[in-house]
Amino acid sequence: MALYDYKCDACGVSFERDHPMSAPPVKVCPECGAEKVRKILSTGGIQIGGSRSVSPPPAMPCGSGGCGGGMCGLG
Ligand SMILES: [Zn+2]
């Protein structure tokens with residue numbers, strides 16, 4: 001199954017249909033019934049990019065200059 005976007009030139013409504021690629025495209029508008037439906041480029045169902053993982057900054061251990069040299073009171 002693939003998701004397609006359609007737009008009716010008669011009434012301007014846009015809608016989505018998912019049907020196999022072998023199926024004939026939608027020709028009749030479900031809103032006004034006009035045969036003015038055209039298929040438009042669809043981005044639906046396509047994920048661009050992946051999940052981005054944000055790693056925390058590395059911890060600066062006290063004593064190695066991370067705290068400014070004893071300013072944290074622990075050194
Ligand atoms: Zn229409």
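**Strands, zinc site and core**

Let me begin with the sheet: strands β1 and β2 pair in the antiparallel sense, and six bridges hold that pairing. Please keep in mind throughout that what we are looking at is a predicted model. Within this pairing, L3 has D18 of β2 as its bridge partner, and in the hairpin that the two strands form, where five residues lie between them, G12 takes a positive phi near 85 degrees. On β1 there is also a pairing with β3, again antiparallel, with four bridges joining the two strands, and here Y6 stands opposite K39 of β3.

Now to the metal. Which residues are the protein donors of the zinc ion? They are C8, C11, C29 and C32, each through its SG atom, at 2.2 to 2.3 Å from the ion. The four donor atoms make angles of 105 to 113 degrees, and the site is tetrahedral, while along the sequence the donor residues follow the spacing C-x2-C-x17-C-x2-C. Distant parts of the chain are linked in this way, since C8 belongs to strand β1, residues 2–8, whereas C29, 21 residues apart from it, sits in the loop between β2 (14–19) and β3 (37–40).

Are C8 and C29 buried or exposed? Both of them are buried, and both belong to the largest nonpolar core, whose six residues are Y4, Y6, C8, F15, C29 and V37; to this core β1 gives the most, namely three residues.

Finally, V37 deserves a word: leaving aside residues up to four places away in sequence, V37 touches Y6, K7, C8, F15, V26, K27, V28 and C29.

Conventions: Residues numbered from 1 in each chain as written. Predicted model: local features only at pLDDT ≥ 70, side-chain atom pairs only at ≥ 80, totals over all residues. Heavy atoms only, no water. Donors = N, O, S within 2.8 Å, 3.2 Å for Na, K, Ca; no water. Tetrahedral: all angles 85-135°; square planar, octahedral: opposite > 155°, others 65-115°. Buried < 20%, exposed > 50% of the residue type's maximum accessible area, 1.4 Å probe, protein only. Core = buried A, V, L, I, M, F, W, Y, C linked by side-chain atoms within 4.5 Å. Contact = heavy atoms within 4.5 Å. Pairing = 2+ DSSP bridges.
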